[in-house]
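Subject: Structure for you to look over

Dear colleague,

I am handing over the structure below, together with some notes on what was found in it. Please read the notes with the sequence and the coordinates open beside you.

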Amino acid sequence: MLKYFFQRFLIACVTILILITVTFFLIQLLPGDPFLDPKLPVEVKENMMEYYGLNDPLYMQYFNYLGNLFQGDLGYSLKYKNLTVNEVIMDAFPKSVELGLYALLISILFGLTLGIIAALEHNKKLDFLSMFIALIGISVPAFIIGGLFQYFFAVKLHLFPVAQWQGFSYTVLPSFALALGSVALIARLMRASMLEIVSTDYVKTADAKGLSRGQIILRHQIRNAVLPVLTILGPLLANLVTGTFVIEKIFAVPGLGKYYVESMQTLDYTMILGLTIFFGSFLVVVNLLIDFCYGIIDPRIRTKKAGG
Amino acid sequence: MDIAKEKFRHVGKDNEKGELITRKSDSFWKDVWRRLSGNKAAMFSLVFLVLLLIMAIVGPMMTPQSYNVNDLMNTNQSPGKEHWFGTDSLGRELWDRVWIGARVSIAIGFMAAIFQTIIGLIIGGIAGFYGGRLDMFIMRFIDVMISIPYLIFVILIMVIMGSGIVPIVIAIALTGWLEMARLVRGQIMQLKNEEFIISAVSLGAGSLRLIFKHLIPNTLGVVIVSLTVAIPNAIFAEAFLSFIGIGIKPPMTSWGQLADIGMQVMQVYPYQLLIPAVFISLTMLALQLFGDGLRDALDPKLRK
């Protein structure tokens, strides 16, 4: 048990370290330097380079960056004067988390419902309808869904605000647009998982001993079918995080994804570096926690993984 | 019921004829095709994809205008007789831009998927075939790399290499091979212990013969299935990158970029968003359905 947790933890640490290293050195390959303004006197530039330690050999810069990182300091943004990457994260991350949590909630709620309905109505109309919705959710990219939602529900029907982030009604469209892909994933998996369980011995036993259909579905089928669905929480989360990049852009949500996309267009090096490390580490840590949860819920996983 | 005895004739027992196979046996691929052609959704998708491919080739030639020539007298024209899909804010013909975008998307989808499959096949094959330390090292590396979401890496590579078709293909291929390598390695490990491999070894087959004659052909089914997943993924990645502004840059165009531009003028000229949106969605849907159909056809056991 402990060995399994320790192994996972070690892999996660190595992953984050590699992520930091690779990102740092890749960013160094970018052309130019932070002080490109031609009006800047050479002496000033030289001083600035010296001040920020940019004249040091690369390995020194790397260890400096690592050192700062361990103290939780991601450095200054190059585009926003007087703003550190930390401040940007502190300001914007809660909004992204809010959006992500709504989307997660929607995906679980709607995904499970669709999946269960489809399985119970196997090969009937509702099954086809649910799976058709799921198919759309899987094949249509989030940014298209976001754009279409915005056009039909906000511009045409005036049901919700078009963009911005100023209250609950503003969160509805982006949350649903972000969630649709995940709804589809969960619905498909839940349906398959439910259908598998219908033919197991314990469901037949429950049926034979006279339990009502509702009780069998609630107590035996759904409870057991949910477990495999847990295993896609990791990919789901990655899906949601990368989804926020486009959804926040479309709906002008001042979240971290919007800053990330912006920093790529303006080549704000420290911001790209800092946010890449932040997003990457965040996902690695969450995946680690999910892994721990599996280990606790399902003993088979930890014994299998520890052996291989 | 009465059946007249004269209708029957005793032919006797012929040991040679008893073993005779009267019909030529279907080859594996013929079998696959038979199953696939029975799948309506997959066949519709195939027809759609073929039409798309043809239109991507001939579409831009059907109008006198060009996808990258501005016509400031005719900006933002609605779709109609003059301009089949309308024009954009610089008066460029959307009809042409959509089909050029289709070329870009299809080219990226196929190239990226093929490259990542080749890399994955080689590395996964090596890991699975030789096993031991090398295998452990490769698999740990893949474990680490795979836990970072691939889009983050793709974005990083794109930022560094700049925009364009070639950087996108490289970025997607460099991140996409991990899953493929894992899959191939698992297959090879499993196949290695099969009897036909053991008998080939005992008959004196060398490594090369084993790999190219026995192992790779037997992993082909799995590889093709994941190829059909890799193509839409790559098309999606390109659309995503172009949409956030680091993929394909104007005057070159792609569906993701068209959607991005369409989004900006959506309130006034909705068709500029709707047209690329419909094309992206239908193509992804068709690829998804065709991939599902192909998977079922290649391995009916997998069907649920």
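**The nonpolar core**

The largest nonpolar core has 135 residues, and the members of this core that touch the most others are V154(B), F240(B) and A259(B). Please bear in mind throughout that this is a predicted model. Helix α7 of chain A, residues 168-198, gives the most to this core, with 14 residues, and the core also draws at least three residues from each of domain 1 and domain 2 of chain A.

**Where the two chains meet**

In the contact between the chains, 31 residues of chain B meet 39 residues of chain A. On the side of chain B that touches chain A, at least two residues each come from α5 (132-146), α6 (150-161), α9 (207-243), α10 (255-264) and α11 (271-298), and among these α11(B) gives the most, with 7 residues. Sorted by class, that side of chain B holds 24 nonpolar, 5 polar and 2 charged residues.

**Chain B as a whole**

Chain B has 11 helices and 0 strands, so that its pattern along the sequence reads α-α-α-α-α-α-α-α-α-α-α. The radius of gyration of chain B is 26 Å, well over the 19 Å that the globule rule gives for 304 residues, and chain B is therefore more spread out than a compact globule. Taken along the principal axes, the C-alpha atoms of chain B fill a box of roughly 90 × 70 × 30 Å. Of the 304 residues of this chain, 39% count as buried, and of the contacts in chain B with a separation of 6 or more, 67% are between residues 24 or more positions apart.

**Chain A: domains and one residue**

Chain A is divided into domain 1, made of 2-78 + 267-278, and domain 2, covering 93-255, and the C-alpha centres of these two domains of chain A lie 38 Å apart. The C-alpha atoms of L120(A) and M194(A) are separated by 8.3 Å, although the two residues are 74 residues apart along the chain.

Over residues 9-30 of chain A, the chain is 91% helix and 0% strand, with the end C-alpha atoms 32 Å apart, while residues 99-120 of chain A are 100% helix and 0% strand, with the end C-alpha atoms 31 Å apart.

With best wishes

Methods. Residues numbered from 1 in each chain as written. Chains lettered and ligands numbered in written order. Predicted model: local features only at pLDDT ≥ 70, side-chain atom pairs only at ≥ 80, totals over all residues. Contact = placed C-beta atoms within 7 Å. Helix = DSSP H or I, 4+ residues; strand = E, 2+ residues; numbered from the N terminus. Nonpolar A, V, L, I, M, F, W, Y, C, P; charged D, E, K, R; others polar. Core = buried A, V, L, I, M, F, W, Y, C linked by C-beta atoms within 7 Å. Buried ≥ 20, exposed ≤ 12 C-beta atoms within 10 Å, placed from the backbone. Domains from an automatic or database assignment. Rg over C-alpha atoms; globule rule 2.2 N^0.38 Å.
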